[in-house]
Amino acid sequence: MAGTYSDPRDRSFIADGNAKLLKDVEADYAALGAILSRRGVDIDAVTATVASFGVAIPSWGVGTGGTRFARFPGIGEPRNVFEKLEDCGVIHSLTGATPTVSLHLPWDHTDDVPALRQRATALGLGFDAVNSNTFQDRPGQKLSYKFGSLTHTDAAVRAQAVEHNIDCIRIGQLLGSKALTVWIGDGANFPGQQHLGRAFERYLESTRQIYAALPADWRMLIEHKMYEPAFYATVIQDWGSSLLAAQTLGPKAFCLVDLGHHAPNVNIEMIVSRLVHARRLGGFHFNDSKYGDDDLDTGSIDPYRLFLVFNELVDAQWRQAPDFQPAHMLDQSHNVTDPIESLMTSAIELQRAYAQALLVDRQVLADYQQQNDALMAAQTLKRAFTTDVQPILARARLQKGAAIDPVAAYRRSNYRLECANKRPASQSFGGGIV
Ligand code: LRH
Ligand code: MN
């Protein structure tokens, strides 16, 4: 296949690409700096804060995603967790914004966990939350999760699911992870199929056992979801159920907000504000959606909503909200793009929303809110959102030795073609998200 390959993780390869873009970035940065200083904002301080932002890559996101109807694998797909890690290394080298990976077990099972950790370290990567999986039956599994897992009416099935989660904690400890994300699809398709109260009680009984197995410095992240795979009732259906469970379990249990797990038009920034108030905001699965849990690229459908979520996060930081330490992770399905390109641009969209939220003049906003000057309060947010922070994002990458234009650098490297040569295509047929 045409095109010479250059390792996109190679610093000098990245610097070569940046050389041509440097003059323009410096000019744009100086111009924006002048605009911001007129607003009393120190652009270098904002850039430093943005440069410190990191988001975790979902291991299941570096392969082509699909739907229940079909999955159309791209070329050079990663075939195992080690190849996924290589791709995550490329994303971090070119963006400087994705220093950790969130694994999914057993999708990322390996017999050699220490070797995996070693390779990650060599790639400059660490591990964020590990994700358990009791929403699928795997070959050789004794008891099926067809009618649920942690909330199944059969205690033996619940015990099997609890055991798997405890196993995930054990593997996570070997990887240096500090959190377990628990998302279950448990629920019902018919009214009457499940006793809504008893199902929640079974959830608490099971998660208490998982909670008891958490190391002292670990967190349990409870992920709610409105529907799918259950289409009438889901046991942990909304932030209320998640918060109730977290408060029942104990101080190491927190709520994880996957943006796509809400009905269209739900005010997610309001949910974030409530979870900050409750000191239980554990983190995010960032993506975007228009209808259901579409798992589209972050900021691709509604960037203003993403900005409003970051506005709440920056406000909480500004107010020094207690126990405020959310874990940032992407959770997307890349059905029609090169996953590496989508993950790079999505990480950058998060930095963009963060940078814009950092430009909100919080004291001025608070004054307008106090005076009920609705228009000027709204304008204060819009002014920040409509500021083109591209020079800040490019400078932040430059400062970290990453690429000013990650997608251009990635394409110039021919990494995907190189992978296609090294990774024979898997003849997989049929649907499924991974
Ligand atoms: C459920 C979910 C969950 C993951 C899965 C891959 O929709 O968001 O976070 O386990 O996607
Ligand atoms: Mn998710």
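Is Asp293 buried or exposed? Asp293 is buried, at a relative accessible area of 18%, where buried stands for under 20%, exposed for over 50% and partly exposed for what lies in between (1.4 Å probe, protein chains only). Before going on, some ground rules: this is a predicted model, in which local features need pLDDT of at least 70, side-chain atom pairs count only at pLDDT 80 or more, and totals for chains, interfaces and linings use all residues. Residues are numbered from 1 along each chain as its sequence is written, chains are lettered from A and ligands numbered from 1 in the order in which they are written, and side-chain values use heavy atoms, with hydrogens and water left out.

Back to Asp293, which sits in the loop between strand E10 (281–286) and helix H10 (303–318); helices (H or I, at least four residues) and strands (E, at least two) are DSSP runs, numbered from the N terminus. Its side chain has a polar contact with that of Lys225, at 3.0 Å. Such a contact is a pair of N or O atoms within 3.5 Å; within protein, one must be able to donate a hydrogen and the other to accept it, and residues adjacent in sequence count only if both atoms are side-chain atoms. Setting aside neighbours within four places in sequence, Asp293 is in contact (heavy atoms within 4.5 Å) with residues including Tyr227, Asp258 and His261.

Now for the ligand. An N or O atom in the Asp293 side chain is 3.1 Å from an oxygen atom of ligand 1, and a polar side-chain atom of His261 also lies 3.1 Å from a ligand 1 oxygen. For the side chain of Glu223, the figure is 2.7 Å. The protein covers 96% of the 300 Å² of accessible area that ligand 1 has on its own, by the Shrake-Rupley method with a 1.4 Å probe; for residues, only the protein chains shown count as cover.

Over in helix H14 (residues 390–399) we find Arg397, which counts as buried at 2% relative accessibility. Arg397 and Ile348 are 49 residues apart in sequence, yet 9.8 Å apart in space, C-alpha to C-alpha. Ile348 is also among the contacts of Arg397, as are Leu94 and Pro406.

Last stop: helix H16 (residues 415–422), where Tyr415, Arg416, Cys419 and Ala420 are buried. Viewed down the axis of H16, the buried residues fall within an arc of 145° (taken from the directions from the helix axis to the C-beta atoms), so they line one face of the helix. Their cover includes helices H4 (81–95), H11 (339–358) and H15 (406–413).
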